[in-house]
Amino acid sequence: MATVARAKRKNSMARKEAIAFHLFISPWLIGFVVFTLGPMVASLLLSFTKYNVSQPPQWVGLGNWVRAFTKDYLFYHSFKVTFIYAFTAVPLQLVAGLIVALLLNSKIPAISFWRTLYYIPSVLSGVAVAVLWRLAFHPTNGIINTMLRIVGIQGPAWIYDPKWALQALIVMSLWGIGGGMIIYLSGLQGIPTALYEAATIDGAGRWRRFWNITLPMITPILFFNLVMGVIHAMETFTTAFVMTEGGPQNATLFIGLRIYFSAFRDLLMGYASTLAWSLFIVIMLLTLLIIRSSSFWVYYEGMRK
Amino acid sequence: MAQETVVLARRRDEGIPRRLYWWQRKHAQEIITKIVVMLILLTGVVIIMIPFYWMIAVSLMNDVEIYASPPVWIPEKLMFDNYVKAVTTIPFFRLFRNTIFLALGRVVGTVLSASLVAFGFARLRAKDRDILFLLVLATLMLPGSVTLIPQFLLFYKLGWYPGMRPLIIPAYFGGGAYNIFLLRQFFMTIPLDYDDAARIDGCGYFQLWWRIMLPLSAPALATVAIFNIMWSWNDFMGPLIYLKSMQHSTLALGIYLFMGVYNPMWNQLMAMSVLITMPLLITFFFAQRMFIQGVVITGIKG
């Protein structure tokens, strides 16, 4: 009898806890439905319509999708620009961030001082900085070409030249490697020193230790930074919008800019939704691809193969 | 593997001892390595800092110096007048107030709702908890553009456009996946003993959250607050879409409008940039430990 009553009480306590759980997370749950899930479904539906806000949406079936894939030259172009950027800037950021972290991890004095200095640009990733870089890339008076001239190189017109505009944005993105660097650094500091000691006793040199210990041990962090970096890069907006507005000659027309222009300048809400969903699908596929590839190159300690 | 070790060890034993030069000694080599590393790092820092220096230098140049070729590195006379011009051309202090208002409005909602939700995920058990938490993490990867248009239409239909409500009110509903994640990670480090003690004293879950968890996690809450102030300060796309006039805009949008509408001289534009970035820089220097902790706890950069 007593055990039954106790079991019942335990049961009702568990239920109470579950109810409390749902109450506690209800702000997020409501927000998720209203601001994420609902809009996602809505934008999928909108992608099959023509909608300019002032008149009610008009169902056009696959019209927008057919237009995007067959008639819209800029559709492919903006994806191409975005891909080039993502697959140049992100790997460069990963490598550069890792190099700085490795240098910082080599027992030099005043490590937190250096760390702070390298992190500063990440704090200021805003419009003011985009404005600063817009002037820094000025062909004659900009700081970049001035510095290049000091070492004897005649710099290009950067953001004013269709061939160089995207490169300029990539160079600028390297300014913000400090955020990734901090993550690597904390990862590097977490590698057990016993591993290095054992390897040194076994006669492994500096390079060997990096290649066989350091690199495998931080592949989970590299992986995570790669996924988040690619997603982030695929959505580039502010820097391109402020520095080049997609120009010159659409050389920096990222898909994010394209969506913004279609929706809020041309008021093509339906077509812009098609573009947004295309981007969403592409990002999902890319993320899946990276996750699938991870079994070949990401090392998880404690995972059996 | 074992064989290789033996071979290497033997080879070392057979090595003929000889006198080392001072730079070949282990201690000296370590010092040389350190100096080389520091020089490389210093070069990196100089490269990173030059744009900052240039921003400040240009903001203090006169109208001739900014177009000089070869460029001027140090302005002859410091023209603080540029700052006065920049601040009076646009309603700077109004924008400053708007920016602060927006940041505070968002941060209060974010800290309250994210900590509430994070408490649920960290401390309460339910069958669907892990699936729901995965969903939270999934939204971390969701591109904003896919919800952008319907969200805009929703706020438009509600009559909240143009205005700040679309930028503030969503923060009260969960406060964003990143913040939930960060706070959950922190709550999970607080020993369960506190919960038990509080329960014995008759605390409900809500009181446990308010009276025990929040005071104990002040550093994590401060980290969340500071990160969100920074994001809000830098946010451009939100204000660009939802705020229409100069009077109602934030500093981030303001400098863009300033650049487009007034076509200002470089020195004034840079003065404006300095004014916008300085508050962030100052905050960073006072709270850098929190920034770095936030990045380290979650593994996500600002």
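1. Phe241(A) has neighbours in both chains. Not counting residues up to four places away in sequence, Phe241(A) touches Leu257(A), Tyr260(A) and Phe261(A), as well as Phe236(B), Leu240(B) and Tyr256(B). Contact means heavy atoms within 4.5 Å.

2. This is a predicted model: local features need pLDDT of at least 70, side-chain atom pairs count only at pLDDT 80 or more, and totals for chains, interfaces and linings use all residues. Residues are numbered from 1 along each chain as its sequence is written, chains are lettered from A and ligands numbered from 1 in the order in which they are written, and side-chain values use heavy atoms, with hydrogens and water left out.

3. The largest nonpolar core has 197 residues. Trp133(A), Phe241(A) and Tyr256(B) have the most contacts inside it. Apart from it lies another core, of six residues, including Met40(A), Phe280(A), Leu142(B) and Val146(B). A nonpolar core is a set of buried Ala, Val, Leu, Ile, Met, Phe, Trp, Tyr and Cys residues joined through side-chain atoms within 4.5 Å. Buried means under 20% relative accessible area (1.4 Å probe, protein chains only).

4. Chain A has 13 helices and two strands (DSSP runs: helices H or I, at least four residues; strands E, at least two). Its radius of gyration is 25 Å, well over the 19 Å that the globule rule gives for 305 residues, so chain A is more spread out than a compact globule. The radius is taken over C-alpha atoms, and the rule is 2.2 Å times the number of residues to the power 0.38. The C-alpha trace of chain A spans about 80 × 65 × 35 Å along its principal axes.

5. In chain A, 52% of the 305 residues count as buried.

How values were computed
Buried means under 20% relative accessible area, exposed over 50%, partly exposed in between (1.4 Å probe, protein chains only).
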